[in-house]
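Let's take a friendly tour of a protein model. Have the sequence and the 3D view ready, and follow along one feature at a time.

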Amino acid sequence: MAIPVIDFSKIEGDEREKTLAQIANGCEEWGFFQLINHGISEELLERVKKVASECYKLEREPFFKNSKPVKLLNELLEVKSDEKVENVDWEDVFLLSDENDDDWPSKTPAFKETMKEYRAELKKLAIRVMETMDENLGLPKGYLNKAFNGGEDENTAFFGTKVSHYPPCPHPDKVNGLRPTRMRGVILLFQDDEVNGLQILKDGVWIDVQPLKNAIVINTGDQIEVLSNGRYKSVWHRILALPDGNRRSIASFYNPSFKATIEPAKELVVQKVEKEVDDLAKYPKFVFGDYMSVYAEQKFLPKEPRFQAVKAV
């Protein structure tokens with residue numbers, strides 16, 4: 001079983017309807033799909049791979065060797081414990097955003113300019129993908145993006161990029177690469193095309209997200225599930241620790257602004273004629289900043305209690 005692979009270049013041609021149907025299937029049945037021919041040049045993607053890998057070797061690897069997960073794993077091995085390291089991930093990670101660009105890695109040649117160029121292209125792709133979701137849901141063009149921006153035309157939605165590496169682990173049975181989690185808005189992942197490890201939970205079974213060279217993996221998060229009133233799915237995913245390879249993962253997430261109000265689109269809420277007050281909205285209305293306060297405490301827990309908790313904020 002493999003997640004859908006969609007040729008995004010066909011969205012503008014004779015196969016537009018077929019491509020839209022493929023995207024709808026990816027959102028409704030999987031919560032994940034891969035885009036090829038997405039408009040971001042292979043030359044730029046190759047540069048991104050190069051600077052990300054060089055950055056890890058030059059600026060990050062020495063610190064990971066002394067990191068908390070490494071120390072905790074070594075402690076378990078020293079006492080020959082059968083237990084597993086909990087509440088940490090076998091991951092080196094840092095965040096890139098417009099707000100923290102002074103803190104971006106500075107010792108790796110061409111890192112900053114390459115990642116700025118990549119992030120600009122990826123943000124355009126995120127908006128294009130959201131517009132296909134609008135069309136499939138029968139919503140006005142730009143509806144989801146406008147909701148993410150708090151109903152304003154201003155550029156207030158948050159766009160961040162998480163650069164991660166998952167180094168070889170000597171005892172992958174004792175530690176998580178990344179614990180099972182769900183994301184928030186729309187996630188665009190440029191994953192390693194040689195080292196696997198990413199899995200999603202589909203019908204109660206963990207399945208691999210197959211590495212595919214220069215593809216962009218799209219993941220619909222909690223906020224898209226709410227805005228679509230449950231038609232689109234936010235699903236569990238995880239990354240396995242592996243004994244070989246150094247998995248590179250560049251996950252960019254397009255999230256609502258903290259002031260944005262998120263609720264099921266009124267066009268997708270079915271009115272019950274016999275009950276004037278019952279509109280069958282499956283999710284509460286909430287402010288994204290309130291949701292994030294709850295999310296910080298419940299990131300690795302089921303989403304349903306999260307929605308109920310935020311309703312009470």
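## Helix 2 meets helix 4

Helix 2 and helix 4 cross in a left-handed way. This is a predicted model, and you can look for this crossing where the two axes come within 9 Å, at an angle of roughly 135°. An angle between 115 and 145 degrees is neither roughly perpendicular nor roughly antiparallel, so helix 2 and helix 4 are described as oblique to each other.

Which residues make this contact? On the helix 2 side they are Leu 44, Leu 45, Arg 47, Val 48, Val 51, Ala 52 and Cys 55, and they meet Phe 111, Thr 114, Met 115, Glu 117, Tyr 118 and Glu 121 of helix 4. Sorted by class, the contact between helix 2 and helix 4 has nine nonpolar, one polar and three charged residues.

## Helix 1 meets helix 4

Helix 4 (residues 111–137) also packs with helix 1 (residues 16–30). Here the axes are 10 Å apart and the angle is about 95°, so helix 1 and helix 4 are roughly perpendicular to each other.

Helix 1 brings Arg 16, Leu 20, Ile 23, Ala 24 and Cys 27 to this contact, while helix 4 brings Thr 132, Met 133, Glu 135 and Asn 136. By class, the contact of helix 1 with helix 4 has five nonpolar, two polar and two charged residues.

Side chains of opposite charge can pair when their charged atoms come close. How many salt bridges does the structure hold? There are 19.

One of them joins Arg 47 and Glu 117, with the closest N and O atoms 3.1 Å apart. Arg 47 sits in helix 2 (residues 42–64) and Glu 117 in helix 4, so the pair links parts of the chain that are distant, 70 residues apart. Arg 47 is partly exposed because its relative accessibility is 26%, and Glu 117 is partly exposed at 37%. Another salt bridge brings together the side chains of Arg 128 and Glu 12 (4.0 Å, N to O). Arg 128 belongs to helix 4 and Glu 12 to the loop between strand 1 (5–7) and helix 1, 116 residues apart. Arg 128 counts as partly exposed at 32% relative accessibility, whereas Glu 12 counts as exposed at 61%.

Asp 98 forms a salt bridge with Arg 119, and their closest N and O atoms are 3.1 Å apart. Asp 98 lies in the loop between strand 3 (92–97) and helix 4, and Arg 119 lies in helix 4, 21 residues apart.

## Two asparagines with positive phi

Most residues other than glycine have a negative phi. Now find Asn 214, which has a positive phi of about 60° although it is not a glycine. Asn 214 is in the loop between strand 8 (205–208) and strand 9 (216–220). With a relative accessible area of 5%, Asn 214 is buried.

Asn 229 has a positive phi too, near 55°. Look for Asn 229 in the loop between helix 6 (222–227) and strand 10 (237–239). Asn 229 counts as buried because its relative accessibility is 6%, and buried means under 20%.

Note on methods: Residues numbered from 1 in each chain as written. Predicted model: local features only at pLDDT ≥ 70, side-chain atom pairs only at ≥ 80, totals over all residues. Heavy atoms only, no water. Axes fitted to C-alpha atoms, helices over the stretch in contact; angles between N-to-C directions. Helix = DSSP H or I, 4+ residues; strand = E, 2+ residues; numbered from the N terminus. Parallel < 35°, antiparallel > 145°, perpendicular 65-115°, else oblique. Contact = heavy atoms within 4.5 Å. Nonpolar A, V, L, I, M, F, W, Y, C, P; charged D, E, K, R; others polar. Buried < 20%, exposed > 50% of the residue type's maximum accessible area, 1.4 Å probe, protein only. Left-handed = near helix turned anticlockwise from the far one by under 90°.
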